[in-house]
2 protein chains.
Amino acid sequence: MSICDSTNIDFEKLAAQVFDRCEVIAQCSDEAGKITRLFCSPAMANAHKQIRLWMEGCGLHCQMDSLCNLLGSTTTDDDRPRLLIGSHIDTVPNGGRYDGMLGILLGIGVVEALQSSLDQLPFALSVVAFSEEEGVRYRSPYIGSKAMVGCLDSELLDRVDDQGIRLRDAVKDFGGSVEHLAAARLREGSVIAFLEPHIEQGPVLEAENLAVGIVTGIAGQTRLTARFVGKAGHAGTVPMSMRRDALAAAAMWIQEVERIGQAREGLMATVGHVQVSPNVPNVIPGEVAVRLDARHAIDSVRIAAAKELQLRGESIASERGLELHWERCEEQNAVPTDSDLNALLKQTMEELGLPNKQMVSGAGHDAVYMSRVAPTTMLFVRCRGGISHHPDESVTQADIAVTLRTMVGFIERLSMSYSHK
Amino acid sequence: MSICDSTNIDFEKLAAQVFDRCEVIAQCSDEAGKITRLFCSPAMANAHKQIRLWMEGCGLHCQMDSLCNLLGSTTTDDDRPRLLIGSHIDTVPNGGRYDGMLGILLGIGVVEALQSSLDQLPFALSVVAFSEEEGVRYRSPYIGSKAMVGCLDSELLDRVDDQGIRLRDAVKDFGGSVEHLAAARLREGSVIAFLEPHIEQGPVLEAENLAVGIVTGIAGQTRLTARFVGKAGHAGTVPMSMRRDALAAAAMWIQEVERIGQAREGLMATVGHVQVSPNVPNVIPGEVAVRLDARHAIDSVRIAAAKELQLRGESIASERGLELHWERCEEQNAVPTDSDLNALLKQTMEELGLPNKQMVSGAGHDAVYMSRVAPTTMLFVRCRGGISHHPDESVTQADIAVTLRTMVGFIERLSMSYSHK
């Protein structure tokens, strides 16, 4: 029945190869002894060189687009429909081996797995290494995928990094060209699906003892800063009854953030950043700014929670005679992944005898932008302790094998459903 | 009846002079456009020069001791018993006109007020300008008064300031000598009383519409740091139920600090300093250190409150699966001022038709150390908004006049009671 015969594929061997390659690419770093790979840096050039070798080794045709995304395809025919697989090549400073890179190497691994049946597929396979996702060098994330979907803000092109180098010059030195930005844009309808495998960056799969999860959407996010303004004073001379302590008010609100976060299924509500002024042990804090980060798969739930927290903040401040200013409010709506692709992934996992965990991504990914031009989904891979953005990122070879098996099964089923269209 | 006839004293005129002199000394600064007068600095030398002129102008004999405290006395006879009045000459960086300096100039003002009757007093009057109280230059407070009571830690003599200058060298360059440290020590029994007038540094007198208050004691203080250790994690990927958020725990404890502070009469309990790690908006805080400052006039009340807060901290941490470490615990017991002197101040104010507010100082003062060698008390002077350590420190001429009147009345009554002993 099957277009490609996956029974003969040695997933264990391929998984070992992906695992080892993650280790090899970890050596491509801009900082000795750390894993730091920034946009258009020497480390990224080394990584490109290595990835090209592996891509070409399994017959992929390589090219770098004008914004330095590296693509390896089973075809040179730009009009041929393709399934795109991949993730980003860059890391945060002192990051880990798997965030981003695993998705690229799994893409190559799948091409190797399907080596003998690539010709029978009704679509081409392409593997992408997005040039920039973390937003470190130019303080703006998703540069690679934004360029591919044609929504990169041109204001960004003249932004400078910490060394004063403009983005346009960094791209040029790397062999790209912002003058040909439009050429990076994917051809309308050319991508039948985009699949981004990525480490979970959270503890859920580990806690449920699962290797892989289907990402049904990327949570929406509200970020806002509450600045409580009271009155600074001497900690030894201002009686409790005469105080307008900004920290006591902020602490009460931080409690509310946690309470409301816990009260609503699937909501994540966090205060991660606090700025106390003057932050001196014997001075009653006069001003405290706290930043809320709230996420949920359903926008209306998140928006209602943020609204409730704003109201609670207002009443805490007014009961205490404080001012409260809301600053830097940013909203990003949830992005559901493609339900047809998810159904196919679910079916694949059921038929392979794997549990099919459906989950929401709380973190943003290139998939958010790719979903604007193609049916898109993601697979999450279990990572030890939920750790990411850290040298301790850890993924097992066994989980890589399960992921490869799922991806190959998914491509088989996608081929069939595509052929029947 | 009275030894000195205060009916002819023009307190308004003397108050205007004290007020103007505060302005003159404010010009003696180590930073242009600010009031910054550090220990043994050029600004302190200028202030000494000016204060000597005023002291000598009203017949005081001036001398600087080996640790650079400046003394002006109505007598050169070291054996003659004396009433000592004064405060400190130094300021914090970018401080105010009155903290410290007002007490010195009120001392000189009183000598001028009593000019015609100094000979009839049964004791000498001395005015002191302590060389160092704020602890800025050598990160250690009360250096001047500690030297005068013989408890300056000799380890301090070799401590260096930010420029690498040792304390002993700074003192030597200023004309003092740590080799003769013992000579700075006050002669046993030579001081019949020490009176330190000082701005309140708090809002109580202003709130109660009073010019002056009698300080019945200096509060004891507990300082300790609670370090909550949880687990950092991604704010978008770790479900609320799996978190060990150190900030949520710390916020709960900050609430308890306020609650317990409010529940006990006279207790001041403050968290002024918070350190969040990593303090990044999208990361659940893994570690939060908060510093408690608790003060009360009665040691047992303060100690019980600190104990209760430690227990609350422990249970918050254990309910949430966090570690809690207590660090930097410092205890300083309360120092009551002399009850006989306070009774005399109360009587004075009653007889002058002034309200006699009794209050506790939440801040430390040179009076703490002086109380080890002589009956000691303090008068607090109302300051606008309770502001101190800031260019906005403000005191009215009218309140200075009330303070001078109170001090002169106190000296009259002290003379009589001393004569009758």
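Let me start with a definition: I call something a salt bridge when a side-chain nitrogen of Lys or Arg sits within 4 Å of a carboxyl oxygen of Asp or Glu. Quick housekeeping: this is a predicted model, where local features need pLDDT of at least 70, side-chain atom pairs count only at pLDDT 80 or more, and totals for chains, interfaces and linings use all residues. Residues are numbered from 1 along each chain as its sequence is written, chains are lettered from A and ligands numbered from 1 in the order in which they are written, and side-chain values use heavy atoms, with hydrogens and water left out.

In one of them, Glu258(A) pairs with Arg320(B), and the closest N and O atoms are 2.6 Å apart.

Polar contacts next, meaning N or O atoms within 3.5 Å of each other; within protein, one has to be able to donate a hydrogen and the other to accept it, and sequence neighbours count only if both atoms are side-chain atoms. Between chain B and chain A there are 14 residue pairs like that, both residues at pLDDT 80 or more.

Which element of chain B gives the most to the side that touches chain A? That's H7(B), with nine residues; helices here are DSSP runs of H or I with at least four residues, strands are E runs of at least two, and numbering goes from the N terminus. By class, that side of chain B has 25 nonpolar, 15 polar and eight charged residues. For the classes, Ala, Val, Leu, Ile, Met, Phe, Trp, Tyr, Cys and Pro are nonpolar, Asp, Glu, Lys and Arg are charged, and the others, Gly among them, are polar.

With contact meaning heavy atoms within 4.5 Å, 48 residues of chain B touch 48 residues of chain A. The two chains bury about 4,000 Å² between them, 61% of it on carbon and sulfur; that's accessible area with a 1.4 Å probe, lost on being put together and summed over both parts. In chain B, Met240(B), Met268(B) and Pro281(B) lose the most, together 15% of what that side buries.
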